[in-house]
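Open the model in your viewer and keep the selection panel at hand. Each stop below says what to select and what is there.

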Amino acid sequence: MSGAWTGWLAYAASFGVMVLIQGVACLGLNLQWGQTGLFNVGVAGFVAVGAYTSALLTSAAVDGRLGGYELPLVIGVVAAMAAGGLVSAAVGALTLRLRSDYLAIATFGIAVVVDLVARNAAGLTGGTLGISFIPRPFEALAERPLTFALATFALVAAVTLLAYLLLERLVASPWGRVLRAIREDERAAASLGKSAASYRLQAFTVGGALMGLAGALQAHTLGFISPENFAAAVTFQVWAMLVVGGTGNNRGVLLGALLVSALWSATGLATAAAFPPEEQARAAALRIVAIGVLLSATILWRPRGLLGERTAVSRHLDD
Amino acid sequence: MNLQFLMDGLVVGATLALGATGVTLTYANLRFANFAHGEFLSWGAYLSMTLAGLAGSLLGAPLAAREPFSIGVGLLGCALVAAALTGGLALLIDAVLFRRLRERGTAVTAVMASFGVSMALRALLEALYTTRPRYYSQELQIALPLAEGMRATPDQLAVCAVTVLLATGVTLLIGRTAIGRRMRAVAENPSLAAVVGVDVAAVIRATWLLGGALAAVAGVALGLLVQVRPSMGAELLLPMFAAAIVGGIGSVPGALIGGVIVGVAEATTVRFIGAEWRAAVSFALLIAVLLVRPSGLFGRRA
């Protein structure tokens, strides 16, 4: 293969990895918001918790920083999911019994605090410099960029597929049916003996664990994390993916992840080409405006997204 | 012990109080947490600055300051116009987006929509003005000595005075006027209010106008005391939510007192723990209130 082709293929593979990781976080958000109707405005915070947990457990020790236990990657990833789930459970336990917007405000607060800890608690998180030399799977293949990129993509794709299939099973199960029942009519569900609070907490926790998984995947594919990776814009993008792709539909989520990432990268390349270097910051801001408008326009004109939630009553009924 | 941090907390709290009043009114009358409210502060601050610049170039000289303050009547006038314009911006966004969501009965997505609006509004400021901090005035101010070794600049005292004035005005407006009574009725039960002839749409317009205008004044105050940046309002969003919840959602006096509580708590943290943890204070207060008394000081139910 010629050099140009391998370059493009490696780029495509790393783009695919980015799409899938955000897709995993978005699958978590879909379980929370799409299936259960729970606002989470702090997605970036939960992803960061996962990323830092796994990075601390698996990376080599560094002077003046906690962690560095060089544990196997699998343990790091599992711990990241546990941490994401645990933080979600704590926030959920505190706010789910209150008015719905309290959860949104509390998750927003979590994201602010996680960002603050990431920036300031240098002894734990490496501060603004972040954590580098996080072990990557297939590190041995790093000499051959294309093979490395493809192997990483294959692994992340397998994890995403696993998460997707698991969620599809969950959503179709009686458990998933109860979630939708609570979302549609809490009182009716309660009258059938289902504890809304308990089911909401479960869904919120599992969703948070998936965001933790996304964070761990990000840490172990990039090999480097810093507070910049978990800015509020990440939450915003994941929400845009969910809303554009189709709230309540896991396939829609992955489609949305692909489309929003593609749009993001394409506008990035376009503005890089069209604007002089001193105007780049302004152009980058315009991209966020564009995504904001896209999000609002979708909510207004196509609230179901591209692939809406499948009608659960009967396939013979139109919605 | 030097009690200066209390004075600083009061000044920040005054700004927060104005912002939190808008948050709590929107929440009570429209029933959603508006994540774009912080952007109204920023837009108010930038609009004032732009208007002052325009007025300065029309007059051929920058707007003069009135001693001992670092700004003059000119900027005050610009701030008033900016407050009206920011109220108008809130109305415009409602007409384009939130009203349609309400009419469709999908008000639950309003929170998400407001999050999108907030990102877009902030990024638009960054595109228009860049992220470079700006100042209304480059003048240095000498802080005047007050009691107990506390000091405050004339600007800080002016901000506190304006806040007390506006807080009294808003409290009287909500408590004693016809539109205030209608607002309380809509907050209580929109359908019932409509049945007895309250124009709910007009109440909602008044809510946006008032919330936006107060946010703009808070933005100008913040810009005057600190600096004007596109992210200035967004950074105050969590403290404003915390203030509204501490005071009890829907309660205007609650939001005012909540703002002062959050401001003083922040200043205390900065004084005794470190400035870098300032932003965590609101979250800690928020969690404490949710644990102990979710309805807040003056709220009824959560």
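**Stop 1: chain B, whole**

Remember throughout that this is a predicted model. Select chain B and colour by secondary structure. There are 12 helices and two strands. In sequence order the pattern reads α-α-α-α-β-β-α-α-α-α-α-α-α-α.

Now check the dimensions. Along the principal axes, the C-alpha atoms of chain B fill a box of roughly 55 × 50 × 35 Å. The radius of gyration of chain B is 19 Å, which agrees with the value near 19 Å for a compact globule of 302 residues. Of the 302 residues in chain B, 53% are buried. Take the contacts in chain B with a separation of 6 or more: 76% of them join residues 24 or more positions apart.

**Stop 2: α5 and α11 of chain B**

Select residues 154–176 of chain B for helix α5, then residues 252–272 of chain B for helix α11. How do the two axes cross, and within what distance do they come? They come within 9 Å and cross at roughly 160°. An angle over 145 degrees counts as roughly antiparallel, so α5(B) and α11(B) are roughly antiparallel to each other. The crossing of α5(B) past α11(B) is right-handed.

Show side chains where the helices meet. From α5(B), pick B:A167, B:V170, B:T171 and B:I174. Facing them from α11(B) are B:V252, B:P253 and B:L256. By class, this contact of α5(B) with α11(B) has six nonpolar residues, one polar and no charged.

**Stop 3: α5 and α8 of chain B**

Which residues make the contact? On α5(B), select B:D155, B:Q156, B:V159 and B:L166. On α8(B), select B:L214, B:V217, B:A221, B:L224 and B:L225. The contact of α5(B) with α8(B) divides into seven nonpolar residues, one polar and one charged.

**Stop 4: where chain A touches chain B**

Show both chains. The contact takes 33 residues from chain A and 35 residues from chain B. Stay on the chain A side and select these helices, each of which supplies at least two residues:

- α3, residues 73–95 of chain A
- α4, residues 100–120 of chain A
- α10, residues 232–245 of chain A
- α12, residues 280–301 of chain A

Which helix gives the largest share of this side? α12(A) does, with 12 residues. Colour the chain A side by class: 25 residues are nonpolar, five polar and three charged.

**Stop 5: two residues with positive phi**

Select A:F138. Its phi is near 65°, a positive value in a residue other than glycine. A:F138 sits in the loop between β1 (131–132) and α6 (145–172) of chain A. It has 16 C-beta neighbours inside 10 Å, so A:F138 counts as partly exposed.

Go back to chain B and select B:R31. Phi of B:R31 is also positive, near 65°, in a residue other than glycine. B:R31 lies in the loop between α1 (4–30) and α2 (37–59) of chain B. Because B:R31 has 18 C-beta neighbours inside 10 Å, B:R31 counts as partly exposed.

Terms used
Residues are numbered from 1 along each chain as its sequence is written. Chains are lettered from A and ligands numbered from 1 in the order in which they are written. This is a predicted model: local features need pLDDT of at least 70, side-chain atom pairs count only at pLDDT 80 or more; totals for chains, interfaces and linings use all residues. Axes are lines fitted to C-alpha atoms, for helices over the stretch in contact, and angles run from 0 to 180 degrees between N-to-C directions. Helices (H or I, at least four residues) and strands (E, at least two) are DSSP runs, numbered from the N terminus. Angles under 35 degrees count as roughly parallel, over 145 as roughly antiparallel, 65 to 115 as roughly perpendicular and the rest as oblique. A crossing is left-handed if the near helix is turned anticlockwise from the far one by less than a right angle, and right-handed if clockwise. Two residues are in contact if their C-beta atoms, placed from the backbone, lie within 7 Å. Ala, Val, Leu, Ile, Met, Phe, Trp, Tyr, Cys and Pro count as nonpolar, Asp, Glu, Lys and Arg as charged, and the others, Gly among them, as polar. The radius of gyration is taken over C-alpha atoms; the globule rule is 2.2 Å times the number of residues to the power 0.38. A residue is buried if 20 or more other C-beta atoms lie within 10 Å of its own, exposed if 12 or fewer, and partly exposed in between; C-beta atoms are placed from the backbone.
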